[in-house]
Amino acid sequence: METFAVYWEPVIKTYGIAERTGLCLITLDLPFSRISDGGDWLTHFPSRFGGSLVLIFSRPTSPSGLRLHLLLDRLPEKVEPEKAERVRKADAIENNVQPVQPVDVNLAAFDGFCSGLRVDNPVELVYFQGPHYGDRYGIASAAVTALVEHGVPLLAVVCTGASVYLVTPKGMACAARNALRKAFNTPDAAENPTNS
Amino acid sequence: MDSSLSRLPIGGLKLSSELVQIRLLPNSGFFVHEMLRRLADHRINMTMVSLDATDGELTGIGCIFAEDRRLAEAALQPIGCAIDMISPVGAMTIFPHQARMLLIGKILSALGRDGLPVYGMASSHSALTLTTDYRRLDDAVSAVCRIVSLPENHAPFRPEFRVKQL
């Protein structure tokens, strides 16, 4: 492919850094052989659980599956606490870790083709865009490094096109944004502190 | 009835050139920011990134252009035991998705029914990018086009030029 334009700036610019709080991150593992079933399940997700999608992202898991993440604008509404509690404890025992937090999702809908359900709730999101990010090296590195250096924990990072999304635990979005402001050239007037 | 009436409208489909998908393996003992820094130090762009910390430390995938593979292998050689690569990979970007889980679910279903691999996925507020086998990218487009309607005079397109950072 021909390259006929170049871009350079001394400090990476953003168009502004925004954040959202009170989000819910749902994670599940989907075997490659059941992607079609997972898609069918997803088509019915809004009517079953309510809420709106903020982000969806995934990566392969060993040996033959996809770890799927749904970042929603709220905790899904329909609950089945008894079963959720069982799964939460089972997951913790299996992974030899403390239970992360209560799971408040109707798990029956996941049965049969998904496993490894995890719900992180609430979580927060910091996101920003910038010029030609999709064509430039070092943007994700600069963002992740800034947060690591300031001790801000990350639950997820998603970059596509000109957008960078950083998912943090509850109460960390502000610290994340402050860390990013020190690493990036950000117009104050363009910042969006609202939870929209 | 016109079958196009039941299709879900989208604004467009964009296809990538040939990519390599790099994965930092879980519990590898290396941190993802080290992988990102090594790639950045060698001026290698990642066109898509999807990382999560569900296995403890951040881990996940990033895609680079196929022509950067040798450079990336050299850059990542010190942490080579923590990395695997899938190739050839192609990315298909659907825009806008408008947060329609119905649309995203149908796309996944269509790809799954046609036996097309989904190696990764990343969305923004407007676009959804999926990675699959580059050799089957046209098949993936055919699967998706069975369930979406494109604007008149729009065809799935590949970028014809690239902006590069010095």
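**Figure 1. The surroundings of A:I35 in the predicted model.** A:I35 counts as buried because 24 C-beta neighbours lie inside 10 Å; a residue is termed buried if 20 or more other C-beta atoms lie within 10 Å of its own, exposed if 12 or fewer, and partly exposed in between, with C-beta atoms placed from the backbone. This residue lies in helix α1 (residues 35–49) of chain A. Helices (H or I, at least four residues) and strands (E, at least two) are DSSP runs, numbered from the N terminus. Leaving aside neighbours within four places in sequence, A:I35 is in contact with A:L30 and A:L66 of chain A, and with B:L108, B:L111, B:G112 and B:V118 of chain B. Two residues are in contact if their C-beta atoms, placed from the backbone, lie within 7 Å. The C-alpha atoms of A:I35 and A:G65 are separated by 8.8 Å, although the two residues are 30 residues apart along the chain. The model is predicted: local features need pLDDT of at least 70 and side-chain atom pairs count only at pLDDT 80 or more, whereas totals for chains, interfaces and linings use all residues. Residues are numbered from 1 along each chain as its sequence is written, while chains are lettered from A and ligands numbered from 1 in the order in which they are written.

**Figure 2. Overall make-up of chain A.** Chain A holds four helices and seven strands. From the N terminus on, these elements follow the order β-β-α-β-β-α-β-α-β-β-α. Of the 196 residues of chain A, 45% count as buried. Among contacts in this chain between residues at least 6 apart in sequence, 72% join residues at least 24 apart.

**Figure 3. Strand β7 of chain A and its partners.** In strand β7 (residues 163–169) of chain A, six of the seven residues are buried. Strand β5 (residues 115–129) of chain A pairs with β7(A) in the antiparallel sense over seven bridges; two strands pair if DSSP finds at least two bridges between them. Within this pairing, A:P169 in β7(A) stands opposite A:V123. Strand β6 (residues 156–160) of chain A also runs antiparallel to β7(A), and five bridges join the two. Here A:T160 has A:S163 as its bridge partner in β7(A). β6(A) and β7(A) form a hairpin with two residues between them, and A:G161 in the turn has a positive phi of about 60°.

**Figure 4. The largest nonpolar core.** This core has 102 residues, and those that touch the most other members are A:A140, A:V157, A:C159, A:V164, A:L166 and A:V167. A nonpolar core is a set of buried Ala, Val, Leu, Ile, Met, Phe, Trp, Tyr and Cys residues joined through C-beta atoms within 7 Å. Strand β2 (residues 17–31) of chain A provides the largest share of the core, eight residues. Not counting residues up to four places away in sequence, A:V157 touches A:A140, A:V144 and A:L166 as well as B:V49, B:L51 and B:L58.

**Figure 5. The side of chain B that touches chain A.** The contact involves 52 residues of chain B and 51 residues of chain A. On chain B, α1 (32–41), β4 (48–52), β5 (59–65), α3, β7 (120–123) and β10 (161–165) each supply at least two residues to this side. The element that gives the most is α3(B), with eleven residues. By class, this side of chain B has 28 nonpolar, 16 polar and eight charged residues; Ala, Val, Leu, Ile, Met, Phe, Trp, Tyr, Cys and Pro count as nonpolar, Asp, Glu, Lys and Arg as charged, and the others, Gly among them, as polar. Strand β3 (residues 53–61) of chain A pairs with β7(B) in the antiparallel sense over two bridges. In β7(B), B:A122 is the bridge partner of A:F57.

**Figure 6. Helix α4 of chain B.** The buried residues of helix α4 (residues 137–145) of chain B include B:L137, B:A140, B:A143 and B:V144. They cover an arc of only 115° around the axis, which puts them on the same side of α4(B); the arc is that of the directions from the helix axis to the C-beta atoms. An α-helix has 3.6 residues a turn, so residues three or four places apart point the same way. The buried residues of α4(B) pack against β2 (12–15), β6 (83–95), α3 (101–113), β8 (128–133) and β9 (148–149) of chain B.
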